[in-house]
Every structure is written in C-alpha cells, then in structure tokens.
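Have a look at the chain first.

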Amino acid sequence: MSEHGYYLEDLRPGMSAVFGKTITEADILMFAGVSGDTNPVHLNEEFAGGTQFRGRIAHGMLTASLISTVIGTKLPGPGCVYISQTLRFMAPVRAGDTVRAQVEIKEVNVEKRRVTMETTCLVNANPVLTGEAVILVQRRPTG
C-alpha cells in the first residue's frame, strides 16, 4: 500500500482490516461537544440509570465513526470517499469498552469504482453494530 492507500485495482473480495479503541469518558464528552448531541442518556448517570440501558452509554455514532477510521486510514485508506453506510445498532457501548471495528470487502465494481464492504463493531467478540458501506475508490494513475 502506498501513502495514498489502495487503488481500485489493488482491491479484492475478502480483504479486511481492523481498528480497535477503548472508549473513554473523555471520548463521550468530546463527542457530545463536537456533535451537539447532549442526550442525557450519554451524559447524566441518574437519568440514564432510569432507562433500558441502566446507565450511561456512548453515542452510537461515536461507535460508527470507528468504521470510518478503518476505511479512511487502512482499507481502502487515504484517497477513498464514502458513498453510503447502513447501520444497525445491536447493543450499547459504555465507557471502558474496547470496540473492534472491522471491514471486509464483499464486492468490487470496477466500472463504477465502487467497493461494497461489510462493516462490524464488536465488544468482547459480540456485535454491537453491523452494516454495509459503499466506498468510491480512485483508479491507479497511468503514466
């Protein structure tokens, strides 16, 4: 892989990449500040304790952003552009959980320069988020 990332011609179904991160209290507070999502289920223990989650949880989109990290930095990597992403939230993520975001190429459409990827986030090998991404990838420069 070059500094640019993978080019379309380098990609094949079955290729995969992973990024892991332990979610901290600071991550949750900073995400609330950056996104403006101050839902008390993320920030107020007393409020969150009275919900189905029985305590504070991380923002779902914070967890989903780790998929973007894998795609933008590893596979296909720098130079690619998101077209779409579906998300299905399966379980909450809490401060202290280590999230393993993984992507696997399912299809490469050379004509349209699109790559379809299965996307998953796991905590302790249990899926907390699943989905599918479609990514636009540059062709290798000629000449």
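A salt bridge here is a side-chain nitrogen of Lys or Arg within 4 Å of a carboxyl oxygen of Asp or Glu. By that rule the count comes to 5 salt bridges. Keep in mind that this is a predicted model, so local features need pLDDT of at least 70, side-chain atom pairs count only at pLDDT 80 or more, and totals for chains, interfaces and linings use all residues. Residues are numbered from 1 along each chain as its sequence is written, and side-chain values use heavy atoms, with hydrogens and water left out.

One of the bridges joins arginine 140 to aspartate 10, with 2.3 Å between the closest N and O atoms. Arginine 140 sits in the segment after β5 and aspartate 10 in the segment before β1, so this pair ties together parts that are 130 residues apart in sequence. How exposed are the partners? Call a residue buried under 20% relative accessible area, exposed over 50%, and partly exposed in between (1.4 Å probe, protein chains only). Arginine 140 counts as partly exposed at 40% relative accessibility, and aspartate 10 is partly exposed too, at 28%.

Then there's aspartate 27 with lysine 21, where the closest N and O atoms are 3.0 Å apart. Aspartate 27 is buried, with a relative accessible area of 13%, while lysine 21 is partly exposed at 27%.

Glutamate 118 and lysine 106 also meet in a salt bridge (3.4 Å, N to O). Glutamate 118 is partly exposed at 37% relative accessibility, and lysine 106 is partly exposed at 41%.

Now the overall layout. Helices (H or I, at least four residues) and strands (E, at least two) are DSSP runs, numbered from the N terminus. The chain has 4 helices and 5 strands, in the order β-α-α-α-α-β-β-β-β. Its C-alpha trace spans about 60 × 25 × 20 Å along the principal axes. Buried residues make up 34% of the 143 residues. If a contact means heavy atoms within 4.5 Å, then residues 24 or more positions apart account for 66% of the contacts with a separation of 6 or more.

The buried residues of α4 are Leu62, Thr63, Ala64, Leu66, Ile67, Val70 and Ile71. In general, an α-helix has 3.6 residues a turn, so residues three or four places apart point the same way. Among the elements that the buried residues of α4 pack against are α1 (25–35), β1 (16–22) and β5 (126–136).

What about the lining of the largest pocket? Helix α4 (residues 60–73) gives the most to it, with 3 residues. Other parts of the chain contribute as well: the lining includes Phe53, Phe89, Pro92 and Val128. The lining residues divide into 9 nonpolar, 3 polar and no charged, where Ala, Val, Leu, Ile, Met, Phe, Trp, Tyr, Cys and Pro count as nonpolar, Asp, Glu, Lys and Arg as charged, and the others, Gly among them, as polar.

Technical notes: 1 Å grid on protein atoms, 1.4 Å probe; cavity = no way out; pocket = protein on both sides within 12 Å on 5 of 7 lines; lining within 4 Å.
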